[in-house]
Amino acid sequence: MSVPVIHESEAEALDLPGRSLRWLVNENLLGAKHLSMCVIRVEPGQTVRPAHSHPHGEEVIYIVSGSGRVLVNGEVSPVREGCAVLFPQGQAHMLQNSGDVPMKVACFFAPATSLENYKFFEDVEFPA
């Protein structure tokens, strides 16, 4: 049995509103049964849309590079390289790159999730 390893360049890139997403860990990739993980890239000035929540679990993001801000349940906080943020179960959230370089973010979900399990909030926006 070989060690389960994947490089992000081997994962399919999904072009979604405000970001490029690559799933790296789930039941189909690496065989994870209890968690999932993806990497997103958010270009300067872009916002991950629409706001969404995870009704069946929670998400932690880790800012690998870049800076911006997060919106969680109506509250805004700045984030930068090295920050970890918890998006609690069921709470609407968004991420925005307010810097001048691409933002790279590792997103961890427990239990495992997929885009089909997101709940979307089209009317939620960052305050001006």
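**Surface, fold and one residue**

Guide: This is a predicted model, and the protein in it exposes about 7,300 Å², with carbon and sulfur atoms supplying 53% of that area.

Visitor: How many helices and how many strands does the protein have?

Guide: Read along the sequence, the pattern is β-β-β-β-β-β-β-β-β-β-β. The secondary structure therefore comes, with helices and strands taken as DSSP runs, to zero helices and eleven strands.

Visitor: What radius of gyration does the protein have, beside that of a compact globule?

Guide: The C-alpha atoms fill a box of roughly 50 × 30 × 25 Å, taken along the principal axes. For 128 residues a compact globule would have a radius of gyration near 14 Å, and the protein agrees with this, at 14 Å.

Visitor: Is Ser77 buried, partly exposed or exposed?

Guide: Ser77 lies in strand E7, which covers residues 75-80. Buried means under 20% relative accessible area and exposed means over 50%, with partly exposed in between. Because the relative accessibility of Ser77 is 34%, this residue counts as partly exposed.

Visitor: Which residues is Ser77 in contact with, leaving aside its neighbours within four places in sequence?

Guide: A contact here means heavy atoms within 4.5 Å. As for Leu95, it is 18 residues from Ser77 in sequence and 9.9 Å from it in space, C-alpha to C-alpha. With neighbours within four places set aside, the residues in contact with Ser77 are Gly68, Arg69 and Val70.

Note on methods. Residues are numbered from 1 along each chain as its sequence is written. This is a predicted model: local features need pLDDT of at least 70, side-chain atom pairs count only at pLDDT 80 or more; totals for chains, interfaces and linings use all residues. Side-chain values use heavy atoms; hydrogens and water are left out. Helices (H or I, at least four residues) and strands (E, at least two) are DSSP runs, numbered from the N terminus. The radius of gyration is taken over C-alpha atoms; the globule rule is 2.2 Å times the number of residues to the power 0.38. Accessible areas come from the Shrake-Rupley method with a 1.4 Å probe; for residues, only the protein chains shown count as cover. Buried means under 20% relative accessible area, exposed over 50%, partly exposed in between (1.4 Å probe, protein chains only).
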